[in-house]
Amino acid sequence: MQEELLEVVSETGEVIRTLPRSEIHGNPSLIHRVVHVLVFNEKGELFLQKRSMNKDVAAGKWDTSVGGHVNSGETPGEAVKREMEEELGITTCDPEFLYTYIHSNPYETELVHTYYCTYDGEINFQEDEIDEVRPWSLDEIRLNTGSGILSDNFEHEIEKYMKYVTIHTGTKAQSIKGTK
């Protein structure tokens, strides 16, 4: 199988060059694009995926509903549709773009493009990359933040989302970083 080719980008998303994934992962000075989709059900619960133990990033951690790389030559919108189908088997949801941000840790730096959708259909997750998928209430997420079971990327994502909701709806969103 051929290695994924990813675009190294600036903080604003301008493509600098294309490199194999193996050269980008492990080097946080190289920013690459990823997409996240926050998939909520009609009850307002957020689907999270438990990453397989064989993943090189956040193995065994609960993570964003859908997340994946934007491949070389691909737009974030194309990557969202591909990743939703690959990871959860969802083809009937039309995600809406919310925001972008930079997420960095000692392993990698990502320019994250976050989308949102509401979906109550069947989920058929990719069993070689995901161990489990289930809906979580925002209270349950808040109670587990900082416990080590959620990926650092997801904890950053949910904070961004809660701030976005507060700013764009005029409604004070309950902080995820509440007391445990």
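Colleague: In this predicted model, where does Ser65 lie?

Modeller: Ser65 is in the loop that runs between β5 (62–63) and β6 (66–69).

Colleague: Is Ser65 buried or exposed?

Modeller: Buried means under 20% relative accessible area. Ser65 has a relative accessible area of 1%, so it counts as buried.

Colleague: What does the side chain of Ser65 reach?

Modeller: The backbone nitrogen of Val39, at 2.9 Å. Leaving aside neighbours within four places in sequence, Ser65 is also in contact with several residues, among them Val37, Leu46, Phe47, Glu87 and Leu88.

Colleague: Now the rings. How many aromatic pairs are there?

Modeller: Rings pair if their centres lie within 6.5 Å. By this rule there are six aromatic pairs. One of them joins Trp62 and Trp136, which are edge-to-face, with 5.2 Å from centre to centre and 65° between the planes.

Colleague: Which parts of the chain does that pair tie together?

Modeller: Trp62 belongs to strand β5 and Trp136 to strand β9 (residues 130–136), so the pair ties together parts 74 residues apart in sequence. Trp62 is buried at 8% relative accessible area, and Trp136 is buried at 1%.

Colleague: How is the pair of Tyr99 and Tyr164 arranged?

Modeller: The pair is tilted, 5.4 Å centre to centre with 50° between the planes. Tyr99 sits in strand β7 (residues 96–104) and Tyr164 in helix α4 (residues 152–169), 65 residues apart. Tyr99 is buried, at 10%, whereas Tyr164 is partly exposed, at 21%.

Colleague: Which rings does the charged end of Arg134 sit over?

Modeller: The charged end of Arg134 sits over the ring of Trp62, 5.4 Å from its centre, and over the ring of Trp136, 4.0 Å from its centre.

Key. Residues numbered from 1 in each chain as written. Predicted model: local features only at pLDDT ≥ 70, side-chain atom pairs only at ≥ 80, totals over all residues. Heavy atoms only, no water. Helix = DSSP H or I, 4+ residues; strand = E, 2+ residues; numbered from the N terminus. Buried < 20%, exposed > 50% of the residue type's maximum accessible area, 1.4 Å probe, protein only. Polar contact = N/O pair within 3.5 Å; in protein donor to acceptor, adjacent residues only side chain to side chain. Contact = heavy atoms within 4.5 Å. Phe/Tyr/Trp six-rings, centres within 6.5 Å; stacked < 30°, edge-to-face > 60°. Lys NZ or Arg CZ within 6 Å of the ring centre and 35° of its normal.
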